[in-house]
Amino acid sequence: MALLLTENLKKYYEMGENTVKALDGINLSVEKGEFLAIVGKSGSGKSTLLHMLGGLDVPTSGKVIVEGRDISGMTRDELTIFRRRKIGFVFQNYNLLSLMNVYDNIVLPIKLDGIRPSESYIDRILELLGLGEKKYAMPNQLSGGQQQRVALARALAAKPAIVLADEPTGNLDSKTSQDVLGLIRTSSRHFGQTVVMITHNPEIAQMADRIIRLEDGRIAGGEASC
């Protein structure tokens with residue numbers, strides 16, 4: 001059974017007398033534990049689709065179904081809680097709070113939900129991502145690759161069903177990009193989480209289990225990664 005589904009998902013914008021079809025009937029199915037990469041040129045609809053999958057934007061029509069629940073029909077409060085508990089986000093910009101150390105940045109979303117973090121689980125994530133010795137370091141003491149690992153740890157910490165990654169290696173050099181993507185793949189398998197990643201880089205996309213390509217808001221093709 002698919003963990004994530006979209007049904008005829010559309011997102012239209014009115015610009016003057018023109019209608020921009022950012023998404024134009026997307027039907028997508030992602031299995032539990034799958035690592036899916038979405039590729040396409042700038043303006044193809046990649047980011048719009050990721051925002052729809054994460055409940056960060058509302059579709060013009062169609063459905064986004066996560067674990068059997070139609071999130072596109074939720075109220076704002078329901079969606080906020082659902083996102084915090086079920087969906088982890090990793091963005092190109094790390095979005096770390098400069099006045100908080102690594103540990104506090106990681107557990108902040110969990111504490112906002114009124115839940116006590118599992119120290120053993122956080123430590124497992126930190127060790128897996130090579131951050132065990134950086135637990136109490138400040139963001140300005142970390143390299144770009146380390147900061148992206150912290151962002152990934154934060155996404156994994158709440159044990160979400162899905163991790164959505166938006167160009168997660170866009171600010172990193174090629175060697176660090178390969179390392180971080182390898183960690184995303186390893187951690188998703190280790191913790192049994194589904195990953196959907198958008199990227200413009202075909203080489204990065206090849207690390208996924210499956211690749212789909214968007215063109216003009218539509219799925220233009222897909223393949224299984226090696």
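Start by selecting D24 and R218: the two form a salt bridge (a side-chain nitrogen of Lys or Arg within 4 Å of a carboxyl oxygen of Asp or Glu), with the closest N and O atoms 3.0 Å apart. D24 sits in strand β2 (residues 18-31) and R218 in strand β10 (residues 218-224), so this pair ties together parts that are 194 residues apart in sequence. Strands (E, at least two residues) and helices (H or I, at least four) are DSSP runs, numbered from the N terminus. D24 is buried, at 11% relative accessible area, while R218 is partly exposed, at 46%. Here buried means under 20% relative accessible area, exposed over 50%, and partly exposed in between (1.4 Å probe, protein chains only).

A word on the model: it is predicted, so local features need pLDDT of at least 70 and side-chain atom pairs count only at pLDDT 80 or more, whereas totals for chains, interfaces and linings use all residues. Residues are numbered from 1 along each chain as its sequence is written, and side-chain values use heavy atoms, with hydrogens and water left out.

Next, pick D113 and R84, another salt bridge, with 3.1 Å between the closest N and O atoms. D113 lies in the loop between α3 and α4, and R84 in helix α2, 29 residues apart.

A pocket is found on a 1 Å grid over the protein atoms alone, as an open set of points where a 1.4 Å probe fits, with protein on both sides within 12 Å along at least five of seven lines; lining residues have an atom within 4 Å of a point.

Of its 17 lining residues, the closest to the centre are R84, I87, F89, P109 and R154.

Finally, select helix α4 (residues 119-128), where Y121, I122, I125 and L126 are buried. Seen down the axis, the buried residues fall within an arc of 140° (taken from the directions from the helix axis to the C-beta atoms), so they line one face of α4. On the other side, S120 and E127 are exposed.
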